[in-house]
Amino acid sequence: MLLHTVRTSMRSLLATGTVLIALASGACAQTDTASGVPLWKTLPPTPVALSADANGLPVQSGHVRMDDGAKIYCAQAGEGEPVLLLHGGLANSDYMSDLARALLAAHYQVIVVDSRGHGRSSLGRTPIGYDRMADDAVAVLTHLKIERAAVVGWSDGGIQGIDLALRHPDRITRVFSFAPNITTDGVDTSAENTPTVKAFIARTKQEYRHLSPSPGRFGKFEASIEHMWSNQPNWSDAQVATITTPMWIVDGDHDEMIHLPHIQHIAQVVPQAGLLILPNTSHFAFLQNPELFSETVINFLKLPTP
């Protein structure tokens, strides 16, 4: 019933600015059937990279060189409306690959990016920050000769989506921003002590050593990210209220890292934004319930823009 309800409600959400909160208890899987642990406490495996499995479609992948020497990894597959997928801090584009394959099956063109310093991308000489990463994403679109794309971002990727809406609205069509924050006080600093977040950080360290062009520099990379998190983002409500790009602000009902009132506040401040809370999931909803997450994104993409 949840997917039917979400699907029906979504059709008019962008056009009407309705706030939708889906918190239906028992509406989808409550536990990991193998372990009996609540689903929102799990951290399922990182999906296989898009370059290794694109539903049998050809994949173009490589690096785009930025003006400060950073080399940004990207991969592209499919045809149709382009959708840019942006991952969270410390992670890499593989985390978005299940969603990418669902979008390919729905006949979208998909572009995944490893943000600078993350995954297969190098850090470059410019201090890492959301403006810089958003500019990198635009440079990737330009390199691929894509004039405009929809954006789906998780955590830091969701923040990049908001940044793009503020600074590059001419390059994007809409934004699905999952688990973002617009000020540093939106983050629950105790989250790093939770088992799921601890496991995530340990996993990303191993993945960095496997994927990065500088595998021995995770400590420096992590320090640069933590410095960014301590200072950014820091947008005022007045700045965010200038956004005209159609946008949904989305989160899991058990997000360990972002305060739910902050998510609700963002949706209230962004003009005509939709608000969606996914049940029985956390900051890692796209891993915990990829079917629900993917169908939600696809329904969002199918909506007419105002």
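Guide: Buried means under 20% relative accessible area, exposed means over 50%, and partly exposed lies in between, with a 1.4 Å probe and protein chains only. This is a predicted model, where local features need pLDDT of at least 70, side-chain atom pairs count only at pLDDT 80 or more, and totals for chains, interfaces and linings use all residues. Residues are numbered from 1 along each chain as its sequence is written, and side-chain values use heavy atoms, with hydrogens and water left out.

Visitor: Why is D136 called buried?

Guide: Its relative accessibility is 2%. The limit is under 20%. Therefore D136 counts as buried.

Visitor: What makes R116 and D136 a salt bridge?

Guide: The rule asks for a side-chain nitrogen of Lys or Arg within 4 Å of a carboxyl oxygen of Asp or Glu. Here the closest N and O atoms are 2.7 Å apart. So the pair qualifies. The two residues sit in distant parts of the chain, 20 residues apart: R116 in the loop between β4 (109–113) and α4, D136 in helix α4. R116 is buried, because its relative accessibility is 0%.

Visitor: How do you know that R132 lies in a helix?

Guide: Helices are DSSP runs of H or I with at least four residues; strands are runs of E with at least two; both are numbered from the N terminus. Helix α4 covers residues 130–143, and R132 falls in that run.

Visitor: Why is R132 called buried?

Guide: Its value is 13%.

Visitor: Which salt bridges does R132 make with D67 and D136, and at what distances?

Guide: With D67, N to O is 3.0 Å. That pair links distant parts of the chain, as D67 is in the loop between β1 (59–65) and β2 (71–77), 65 residues from R132. With D136, N to O is also 3.0 Å. D136 and R132 are four residues apart in helix α4, so about one helical turn separates them.

Visitor: Is D67 buried or exposed?

Guide: Exposed, because its relative accessible area is 67% and the cut-off is over 50%.

Visitor: Which residues are linked in a network of salt bridges?

Guide: D67, D68, R116, R132 and D136. The count of salt bridges by this rule comes to 11.

Visitor: What is S93 in contact with, leaving aside neighbours within four places in sequence?

Guide: Contact means heavy atoms within 4.5 Å. S93 has Y73, H87, V112, V113, D114 and R120. S93 is in the loop between β3 (82–86) and α3 (97–105). At 3% relative accessible area, S93 is buried.
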